[in-house]
Amino acid sequence: MSSPLMLTPQMFELRRLQMPLVRPFRTSFGTETVREVMVVRVVTDHGEGWGESGIESAPLYLSEFHNGADHVFAEHLIPRLFAAGPLRAEHVADILRPVKGHRMAKSALEMALLDAQLRAEGRSFHRSIGATRTAVPVGVSVGITNTVDELVDVIAAYVADGYPRIKLKIEPGFDIEPVRRVREANPDILLQVDANTAYTVADIDHLAQLDAFDLLLIEQPFGEDDLVGHAELRRRISTPVCLDEAIRCIDHVRTAFALGAADIINIKPARVGGYLAAIEVHDLCLAHGVPVWCGGMLETGIGRAANLALAALPGFTLPGDISATKRYWTRDITGTFDLVDGTIAVPMGAGFGVAVDTGFVEQITFERREITNAR
Ligand code: SMG
Ligand code: MG
């Protein structure tokens with residue numbers, strides 16, 4: 001047998017892109033109309049690859065944010081990859097382990113190298129992880145609206161598009177009534193809610209009112225470190241409790257299970273440090289019989305392609321936040337993903353299977369930085 005391909009990274013290019021959303025996206029922590037996205041391109045001795053960080057411009061979803069990530073990439077993470085010599089994507093997590101946290105930044109680097117490696121090997125990510133499904137059921141995440149009437153209209157349009165599952169963002173003052181109205185208008189849809197940490201344990205009796213609406217789950221109502229609070233919530237409501245922000249590595253999953261803090265886990269690869277870590281989280285949840293689904297960070301086609309392949313693994317039994325391209329962008333930096341019978345097809349080409357439109361990327365770049373291996 002020939003020895004496995006090893007890559008020597010020669011240059012990492014960090015780009016910050018400005019992408020207008022087709023409609024503003026409001027959560028409990030803010031409203032976005034133009035999304036700032038950070039992507040990474042790696043050039044190696046065996047070709048190039050692309051990664052997407054999922055990091056936001058401000059530290060409001062998690063602690064990572066673009067200006068901080070820019071420093072961490074340049075001063076702490078990329079120098080360690082250059083110093084490591086020839087490597088495979090499977091080695092990246094260990095090489096970067098001395099740097100604490102910064103998992104979304106680490107994920108983007110591993111992802112770019114994984115794309116380059118798989119392209120050089122002529123293999124698809126989908127096949128390399130043993131996924132079998134060729135299309136996956138998906139849902140749509142709907143932001144907070146100014147009025148409940150507007151929310152009902154927005155959701156009617158998504159249901160007409162064919163989405164089998166709707167997720168509503170909630171916050172104090174926009175929760176029970178909107179959910180009641182949406183459920184009345186759509187008695188049969190799969191419906192779930194996401195609070196992005198906007199509540200505390202003092203709100204448990206209030207949140208228990210959601211039990212009347214046959215929700216698939218309530219996602220991350222309490223703080224990202226409040227596993228004990230989520231365990232208490234789980235004992236006191238019948239709606240299944242799902243964790244998002246609380247799960248930043250596999251140890252958090254183990255802790256959540258030990259405390260009885262989660263019925264369901266949202267897996268976002270960037271949040272847990274990369275696609276390879278995400279597969280480990282998936283495997284652990286599958287072994288515990290805990291359903292998972294793939295979360296979203298309003299990705300470009302790069303992240304969307306990878307998320308679709310991940311979501312084709314058998315433990316992803318709930319529809320993911322992986323919507324069609326037109327739900328996010330009038331123009332993406334890759335080809336488009338379309339909804340067909342409530343599913344999206346998994347790209348099957350080498351690497352993550354998408355071609356990046358570099359001309360368009362250049363047009364929407366507002367910051368670009370190259371970090372070259374001086375050795
Ligand atoms: O990618 O369709 C998407 C958005 C999914 O709601 C979504 N993501 O907490 O799950 C979540 C949020 C995090 C991003 S909010 C800017
Ligand atoms: Mg969430």
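Guide: Let's begin with pairing: two strands pair if DSSP finds at least two bridges between them. Helices (H or I, at least four residues) and strands (E, at least two) are themselves DSSP runs, numbered from the N terminus. Before we go on, some ground rules: this is a predicted model, where local features need pLDDT of at least 70 and side-chain atom pairs count only at pLDDT 80 or more, while totals for chains, interfaces and linings use all residues. Residues are numbered from 1 along each chain as its sequence is written, chains are lettered from A and ligands numbered from 1 in the order in which they are written, and side-chain values use heavy atoms, with hydrogens and water left out.

Visitor: In which sense do E2 and E3 pair, and over how many bridges?

Guide: They are antiparallel, with six bridges. A hairpin of two residues takes the chain from E2 to E3. Look for arginine 41, which has tryptophan 50 of E3 opposite it.

Visitor: Which strands does E7 pair with?

Guide: Strand E6 (residues 165-169) runs parallel to E7, and five bridges join them. One place to look is isoleucine 166, whose bridge partner in E7 is leucine 191.

Visitor: How many residues of E7 are buried?

Guide: For the idea first: buried means under 20% relative accessible area, exposed over 50%, and partly exposed in between (1.4 Å probe, protein chains only). Strand E7 (residues 190-194) has four of its five residues buried, so by that definition the strand is mostly covered.

Visitor: Which residues donate to the magnesium ion (ligand 2)?

Guide: Donors are N, O and S atoms within 2.8 Å of the metal (3.2 Å for Na, K and Ca); water is not among the atoms, so sites may look incomplete. Here the protein donors are Asp194 (OD), Glu219 (OE) and Asp244 (OD), at 2.1 to 2.3 Å from the ion. Along the chain, the donors follow the spacing D-x24-E-x24-D. Glutamate 219 is in strand E8, and aspartate 244 is in the loop between strand E9 (241-243) and helix H9 (250-259), so this pair ties together parts 25 residues apart in sequence. Glutamate 219 counts as buried because its relative accessibility is 0%, and aspartate 244 is also buried, at 0%.

Visitor: What does helix H8 pack against?

Guide: Packing is read from contact, meaning heavy atoms within 4.5 Å. In helix H8 (residues 227-236), the buried residues are Leu227, Gly229, His230, Ala231 and Leu233. The buried residues of H8 pack against helix H7 (204-207), E8, E9 and H9.

Visitor: How many aromatic pairs are there?

Guide: Rings of Phe, Tyr and Trp (its six-membered ring) pair if their centres lie within 6.5 Å; planes under 30 degrees apart count as stacked, over 60 as edge-to-face and the rest as tilted. That rule gives seven aromatic pairs. Take phenylalanine 29 and tyrosine 61: their ring centres are 6.4 Å apart and their planes at 45 degrees, so the pair is tilted. Phenylalanine 29 is partly exposed at 25% relative accessibility, whereas tyrosine 61 is buried at 8%. Then there is phenylalanine 125 with tyrosine 275, an edge-to-face pair with 5.6 Å between centres and 85 degrees between planes. It links helix H4 (residues 125-128) with helix H10 (residues 275-287), the two residues being 150 apart. Ring pairs also link Phe125, Tyr275 and Phe352 into a cluster.

Visitor: Which charges sit over rings?

Guide: A charge sits over a ring if NZ of Lys or CZ of Arg is within 6 Å of the ring centre and within 35 degrees of the ring normal. Arginine 165 has its charged end over the ring of tryptophan 293, 5.4 Å from the centre. Arginine 331 lies over the face of phenylalanine 360, 3.9 Å from the ring centre.
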